[in-house]
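Here's a quick briefing to read with the viewer open. Load the coordinates and follow along topic by topic.

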Amino acid sequence: MTRAAFSYDFPHRHLLSVADLNPVDIRIIFERATHWLTVNRTPDKVSDALKGLTVLNLFFEASTRTQGSFEMAGKRLGADVVNFAVARSSTAKGESLSDTARTLAAMRPDIMVVRHSATGAPAFLAERTGLAVVNAGDGMHEHPTQALLDSFTLCRHWGEVGGKRILIVGDILHSRVARSNIGLLNILGAEIRLCAPPTLLPPDVDQWGCDVFHDLDDALRDCDAVMALRQQKERMTGGFVPSEREFFHLFGLTHERLEACSPDVLVMHPGPMNRGTEIHTKLADDPEKSVILEQVESGVAVRMAVLELIGETIRREAGQ
Amino acid sequence: MSATSLAIINARLVDPASGQDGPGGVLIEDGVIVQAGPEIDTHAADAVIDAKGCILAPALIDLRCAKEPALTPDGETLDTLTAGAAAGGFGTIVLAPNARSPLDKADGFAGMNRGLARESVRVLSACGATRGLAGEQMAEIGLMVRGGAVYAGQGDRPIADTRTMRRLLAYTSQFDIWLSVRPADADLSEGTVALESDWSARMGLPAEPAISERIAIERDAALAELSGGKLMIDRLSTADGWPRCAMPGPATRRSRPPSPWPTSPSTRSMPAHWTAPSAWIRHCARKPTAGRSWRRSPTAISTPSSPTTAPPPSTTRASPSPLPLPAR
């Protein structure tokens with residue numbers, strides 16, 4: 001029992017979008033994640049919180065780190081975890097998403113963790129199957145657990161992210177990480193800045209509750225944290241920037257440029273990272289500033305918290 | 001050093017910035033204009049020039065120059081180019097990309113500009129917008145802007161791909177520089193040597209229709225509105241394209257239907273897209289023939305006429321001219 005959960009049950013059986021969460025939900029997730037982070041650092045990691053439940057990892061897009069993180073989270077909670085690499089099986093044989101979903105649902109898993117290249121696929125699966133669904137990334141739309149783990153990592157340093165100034169720099173147009181982070185940081189009351197060439201910004205992005213910059217040095221002024229994003233070449237048709245070299249000169253993070261920030265600035269990256277394109281290799285490895293590996297560690301803890309809380313909802317609904 | 005002063009009087013004084021066009025002169029002290037207008041105090045001047053019958057105006061700017069040793073009889077150098085510019089009343093010239101010199105490499109761009117700074121007239125440079133001016137991959141515009149490029153251009157090569165054009169306008173908008181393109185629908189104009197007309201038909205020439213230009217202007221203007229980029233329409237050559245460019249000023253624009261694109265007051269205001277290109281178009285419109293030869297006759301441009309009364313070209317490009325366009 002956490003403080004926030006004392007008089008309030010985590011009400012969600014899905015995590016499809018950060019917009020579904022309110023600040024109390026987020027606080028409950030963070031309190032549980034803090035608990036699991038501590039547990040994960042001990043040699044006795046496995047609990048039985050999800051014992052008896054089956055978690056299905058359904059990845060229609062290739063993924064190593066997110067799938068591994070979810071798999072580890074499920075296993076450490078005592079769930080049965082099954083990985084379906086759908087990219088290489090039934091879809092390739094021409095099966096529709098709807099049929100795949102119904103087939104898998106007939107196997108009676110409890111929670112589906114879904115990644116898909118199309119916006120809305122996890123919501124579609126949730127509706128079609130009635131199963132609990134966690135969105136592990138849908139196209140360029142949302143990646144809610146990534147946003148939760150980013151804010152959680154920052155909260156570990158600052159206590160809370162409200163009132164802090166956070167810059168997201170890089171390929172925002174193709175980034176579901178950016179969209180989820182903008183949503184979550186707005187809920188949590190942070191000041192959000194975006195910096196990218198106009199070709200890598202969504203239209204009307206200035207109406208998303210952010211300040212938009214094209215000049216990195218202006219954007220970095222007095223920032224408390226900076227998140228670099230990779231150019232998502234796999235989602236690009238044609239060139240959005242002239243070269244990686246030019247991108248690095250205009251938008252690459254370096255120690256020198258970070259001098260405009262708060263002296264305790266934290267540097268984040270959701271990975272995979274392209275050193276020398278969006279971030280200087282020395283900065284990525286600087287333990288004083290870079291929290292990139294902490295983000296990965298937080299990822300497992302946050303995903304454990306999400307799966308655990310959804311498992312509780314499933315049990316509650318089943319009358320257990 | 002003692003102060004030297006020079007008065008120029010009895011000229012036709014033309015100053016587009018203030019709208020001045022009438023008899024007048026200037027008083028210059030130590031290289032700085034201290035008086036300008038119809039009445040000049042000549043008593044204090046060390047020297048007085050009577051400029052009766054001449055025009056006195058701010059030095060002209062040539063936005064598109066090229067050093068073409070192979071195409072000029074005397075083997076042009078930068079020195080002869082700048083000397084020619086100075087003789088024609090040009091105080092600033094811009095070396096612009098073309099097929100022989102695409103200016104699309106960021107390496108050495110800043111160094112080239114430092115070298116240019118030593119010339120007698122101000123020599124600036126523009127950069128190529130796409131690699132090899134092929135209209136496909138963006139050149140390293142950002143690095144070249146840092147190296148001194150004043151705008152990005154495409155020479156006489158149109159940009160066929162609409163998506164590339166959109167991205168170029170968006171990308172250049174972050175540096176607040178102009179994107180200069182030749183208005184031509186690439187497919188309609190490819191391989192043509194004349195403008196489509198009775199004349200081109202009789203001569204059996206592969207010809208481009210005048211609407212090729214109009215289509216490109218309308219496409220590019222719409223993309224400029226969408227992206228907030230600054231569009232410079234270069235090498236306008238048809239009467240058909242003219243009215244689509246010449247809509248400067250808020251008064252004209254108010255009567256137009258509202259833009260379908262959301263534009264907030266904080267985005268670049270629309271007239272900015274038009275003011276300078278229109279000036280530039282007026283500049284181009286008076287060129288005697290299409291293409292490079294315009295650069296060789298600066299007198300045609302320095303002929304005084306108020307920009308607002310400059311007539312649009314009333315004839316199409318090919319009919320009066322015996323010169324077919326160079327094949328692209």
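Where in chain A does A:Pro272 sit? You'll find A:Pro272 in the loop between β9 and α9 (281-284) of chain A. Keep in mind as you go that this is a predicted model.

**Backbone spots worth a look in chain A**

- The peptide bond leading from A:Gly271 into A:Pro272 is cis, and its omega is near -10°.
- Another residue to check is A:Arg108, which isn't glycine but still has a positive phi, near 60°.
- A:Arg108 belongs to the loop that runs between α3 (97-105) and β3 (111-116) of chain A.

**The sheet in chain A**

- Here 5 strands make an open sheet, and reading across you get β7-β6-β5-β8-β9 (chain A), with parallel pairing.
- At the edges are β7 (211-213) and β9 (266-268) of chain A, each with pairing on one side only.
- From one strand to the next, the twist averages 20°.
- For a closer look at one pairing, take strand β6 (residues 191-195) of chain A, which is joined to β7(A) by 3 bridges in the parallel sense.
- Within that region, A:Cys195 has A:Phe213 in β7(A) as its bridge partner.

**The sheet in chain B**

- Chain B has an open sheet of 6 strands, also with parallel pairing, in the order β6-β7-β8-β9-β10-β13 (chain B).
- Its edge strands are β6 and β13 of chain B, and each of these pairs on one side only.
- The twist in this sheet averages 30° from one strand to the next.
- Strand β10 (residues 178-181) of chain B runs parallel to β13(B), and 4 bridges hold the two together.
- If you want a residue pair to click on, B:Leu179 has B:Leu231 in β13(B) as its bridge partner.

**Helices against the chain B sheet**

- Helix α1 (residues 78-87) of chain B lies across β7 (90-95) and β8 (122-128) of chain B, at about 140° to β7(B).
- Helix α2 (residues 109-116) of chain B packs on the sheet too, where it touches β7, β8 and β9 (149-153) of chain B.
- The direction of α2 in chain B makes about 160° with that of β8(B).

**Salt bridges**

- Over all chains, the structure holds 26 salt bridges.
- One of them joins the side chains of B:Asp234 and B:Arg64, at 2.8 Å from N to O.
- B:Asp234 is in the loop between β13 (230-233) and α8 (242-245) of chain B, while B:Arg64 is in strand β6 (residues 60-65) of chain B, so this pair ties together parts that are 170 residues apart in sequence.

**Where chain B meets chain A**

- The contact takes in 18 residues of chain B and 18 residues of chain A.
- Between them the chains bury about 1600 Å², with carbon and sulfur atoms giving 50% of that area.
- Which three residues supply more of the area that chain B buries against chain A than any other three? They are B:Arg167, B:Tyr171 and B:Gln174, and their share is 36%.
- The interface has 2 salt bridges across it.
- B:Glu140 and A:Arg245 form a salt bridge, and their closest N and O atoms are 2.4 Å apart.
- There are also 11 residue pairs in polar contact between chain B and chain A, counting those with both residues at pLDDT 80 or more.
- On the chain B side, α3 (141-146) and α4 (162-173) of chain B each supply at least two of the residues that touch chain A.
- The largest share of that side comes from α4(B), with 5 residues.
- Sorted by class, the side of chain B that touches chain A has 9 nonpolar, 3 polar and 6 charged residues.

Notes:
Residues numbered from 1 in each chain as written. Chains lettered and ligands numbered in written order. Predicted model: local features only at pLDDT ≥ 70, side-chain atom pairs only at ≥ 80, totals over all residues. Heavy atoms only, no water. Pairing = 2+ DSSP bridges. Axes fitted to C-alpha atoms, helices over the stretch in contact; angles between N-to-C directions. Contact = heavy atoms within 4.5 Å. Buried area = accessible area lost by both parts, 1.4 Å probe. Salt bridge = Lys/Arg side-chain N within 4 Å of Asp/Glu carboxyl O. Polar contact = N/O pair within 3.5 Å; in protein donor to acceptor, adjacent residues only side chain to side chain. Nonpolar A, V, L, I, M, F, W, Y, C, P; charged D, E, K, R; others polar.
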